[in-house]
Amino acid sequence: MKNAPLLTISASISALSLALATPAYAQQSNAVSTEGNRVSDDFHGTDDIVVTAPYVERLDILSGTSAISGEVLADKTRAQLGDILTSLPGVSATSFSPGASRPVLRGYQGNRVAVLTDGIGNIDASNTSADHAVTIDTLTVERIEVLRGPAVLLFGGQAVGGAVNALDKRIPRSIPDEDIHIDALAGYGSAARDWSGGASIDMPLTDRVIVHLDGSYRNSDDLRSGGYVLSPNLRAEVLDFAAEEASEGHLEEASEARELADQRGQIPNSAVKSWAAGGGIAFIDEGGNLGVSYSIYDTDYGIPARPGASHAHEGEEPTEGEVPVTIGLRQYRFDLRGEVNLGEGLFEKLRLRAGYADYTHTEFEGDEVGTVFNSQGIEARAEFVQNDLGGWRGASGVQYQSRDLEAIGAEAFIPPNTTRQLGLFTLQEYTNGNLDAEIAIRFDTAKLRADTLGLSRTFNNVSAAFGLGYHIGDLKIGANISRTGRAPAVEELFSNGPHIATQAYEMGDPDLKSERAWNGELYARYETPATAFSATLYTNRFDNFIYEVETGDIEDDLPVFQYFQNDAKVWGIEFQASQRLASFGSSDLSVDGVADYTRAKISSGGGDAPRIPPLRLLGGVELTNASFDLRGEVEFNDDQTKTAAFETPTNGFTLVNASATWRPFGRDRNIALIASANNIFDVTARRAASFTKDFVPLAGRDFRVTARVSF
């Protein structure tokens with residue numbers, strides 16, 4: 001590991017503290033809970049959904065929120081963050097491979113979705129390319145929050161799609177009642193023979209100091225799919241190739257092509273092995289808290305090969321998918337979080353959050369090193385939180401990000417580059433009776449440099465949002481409007497070369513402009529003890545929308561994917577509801593449902609935007625009591641035929657899932673055994689948002705058993 005510039009982090013935090021001049025707020029979310037009555041233990045707290053991004057404790061007007069934790073999270077835990085959240089409204093996943101999957105929110109992915117660890121960036125390279133894993137340990141995270149809507153511009157103008165915030169306890173937030181607090185999770189999944197386990201320990205050293213330790217391990221084989229590995233379109237192409245080879249007398253090549261086309265079951269080279277370890281310590285008292293943590297995340301995973309892909313290094317003959325590509329990734333990370341209570345004046349508290357990460361990602365071609373990605377990054381933010389003064393509350397702060405990224409090797413598709421970003425923001429809210437009003441403003445400046453190309457770009461963007469909400473009993477209706485700006489990312493500007501892991505030749509455009517959008521929402525939210533629903537209609541109108549599509553050209557024996565820019569229109573709907581149907585003594589019978597749809601078109605004859613999820617409907621029925629939960633659900637995904645040029649359509653699918661949770665000692669003991677059957681009818685399913693959908697389907701029938709303990 002390289003030496004972490006801890007002095008630089010300290011200096012950055014000091015500078016941020018001095019630079020602050022204005023305020024932040026805290027309030028309650030009306031989002032529909034996805035957890036039902038299930039237990040969630042955080043030192044014996046309740047299972048309420050609490051949004052804990054550092055600048056606010058709860059979001060309401062400008063952002064819809066949802067979250068999963070406890071037994072629901074335990075049952076849904078997979079190797080990558082994106083594959084955990086797909087049951088939430090408006091959420092899909094890139095599903096590049098079982099080892100690399102980022103969340104897709106409202107059809108947006110990559111740089112338009114902020115992936116956060118405890119409120120600041122994940123400081124990895126997962127937004128640089130779809131094949132790069134998200135460096136979040138899903139086995140020890142305690143809660144994952146999805147934040148949508150205009151208010152997430154406080155994470156930066158780039159988060160127009162929303163933000164995903166993963167929370168762990170590596171920097172403890174409270175002191176347990178007992179001498180030692182243990183959380184543990186262990187599970188097995190049949191579809192990939194996936195063995196996993198993680199545990200954390202929290203121990204108070206004094207009445208004000210607590211120490212935390214955690215670790216996890218996962219080992220899975222190649223994933224088993226429900227039918228043919230290749231999509232119908234790609235399979236037909238391979239069979240045509242086999243027939244052509246046979247007609248020309250190339251019988252061996254024809255036989256190999258037919259064997260590839262008829263491949264069923266396991267997806268070759270899709271295994272994942274990962275481990276993580278971390279520790280932290282925090283001082284907590286009535287005046288505030290201060291804590292630090294250190295963690296390591298390590299994963300090795302395979303990249304399934306695109307049939308027919310070939311590539312040669314200079315002076316070599318091309319290979320036809322013979323050499324498996326695997327990725328070995330490790331991140332070392334240091335984090336700091338602090339909070340100072342300021343009393344009853346204008347400001348309630350000062351919050352500080354900072355992180356440093358040293359990241360190395362190696363793409364192997366067989367046993368040989370292909371390309372190495374090295375990244376060192378710092379992110380720090382601080383905000384003053386205001387006290388409530390006659391219904392007025394708010395928060396204001398500053399955020400700094402710095403990343404140095406270097407790709408080394410014959411297939412380094414992106415040059416060495418640096419990114420420096422500074423943001424200033426304020427969020428102010430006023431409540432008067434049943435009416436809520438909120439305004440948020442943010443200024444971002446970003447400088448991106450690629451010295452080897454002699455290129456440097458600077459972008460300045462102002463983003464603003466305004467929202468109104470009105471309460472009518474248990475119903476709340478409202479509207480939001482925002483204007484956001486996003487600077488192009490380094491890969492969108494500077495990419496130019498073969499990328500063996502994505503099996504594509506990627507080309508950026510150094511002349512791209514800032515991407516700006518008008519965003520609007522209309523929403524209604526209703527919640528009583530028996531009934532809850534949330535419905536949102538949203539639209540985005542982009543100037544200079546940046547998108548990557550296949551051009552149909554071939555460069556260096558690889559298909560060319562190029563970034564373009566044009567205006568675009570996006571609109572969609574999200575709906576989530578739950579209803580208790582009946583109660584039988586201590587048992588409740590309820591139903592719930594989720595629906596979402598996104599439509600995105602490029603203006604001026606640009607056609608449909610690439611990789612947009614289709615209409616999705618999900619319905620479930622659940623019986624719960626103190627000792628057990630029983631649940632069955634059906635998820636329908638429509639065909640996606642509205643595709644970009646050279647993008648293949650995606651067939652729809654329907655998944656049927658069931659699960660049972662048993663708490664042998666009731667809710668108070670927080671011990672649960674979970675059994676689930678996913679994709680019971682073993683259908684072939686592919687995500688429209690995935691680059692690899694034509695040769696990396698989702699898991700087939702998967703039986704899982706999980707044990708969760710918290711005491």
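1. The largest cavity is lined by 43 residues, and Asn111, Asn127, Gln158, Gln401 and Gln421 lie nearest its centre. Its volume is about 740 Å³. Here a cavity is a set of points, on a 1 Å grid over the protein atoms alone, where a 1.4 Å probe fits but cannot get out, and lining residues have an atom within 4 Å of a point. A volume is the space filled by probe spheres set on the points, which are joined across faces, edges and corners. The lining comprises 15 nonpolar, 19 polar and nine charged residues; Ala, Val, Leu, Ile, Met, Phe, Trp, Tyr, Cys and Pro count as nonpolar, Asp, Glu, Lys and Arg as charged, and the others, Gly among them, as polar.

2. The model is predicted: local features need pLDDT of at least 70 and side-chain atom pairs pLDDT 80 or more, while totals for chains, interfaces and linings use all residues. Residues are numbered from 1 along each chain as its sequence is written, and side-chain values use heavy atoms, with hydrogens and water left out.

3. The whole structure holds 11 cavities of 30 Å³ or more.

4. Arg611 sits in the loop between β29 (607-608) and β30 (616-624). Its relative accessible area is 10%, so Arg611 is buried (buried means under 20% relative accessible area, exposed over 50%, partly exposed in between; 1.4 Å probe, protein chains only).

5. Gln503 likewise has a positive phi, near 55°, without being a glycine. Gln503 belongs to the loop between β23 (496-499) and β24 and counts as buried, at 7% relative accessibility.

6. In helix α3 (residues 232-247), the buried residues are Leu234, Arg235, Val238, Ala242 and Glu245. Seen down the axis, they fall within an arc of 100°, so they line one face of α3; the arc is that of the directions from the helix axis to the C-beta atoms. The face turned away from the buried side carries the exposed residues Pro232, Glu237, Asp240 and Ser247. Gly249, which follows α3, has a positive phi, near 85°.

Methods
1 Å grid on protein atoms, 1.4 Å probe; cavity = no way out; pocket = protein on both sides within 12 Å on 5 of 7 lines; lining within 4 Å. Helix = DSSP H or I, 4+ residues; strand = E, 2+ residues; numbered from the N terminus.
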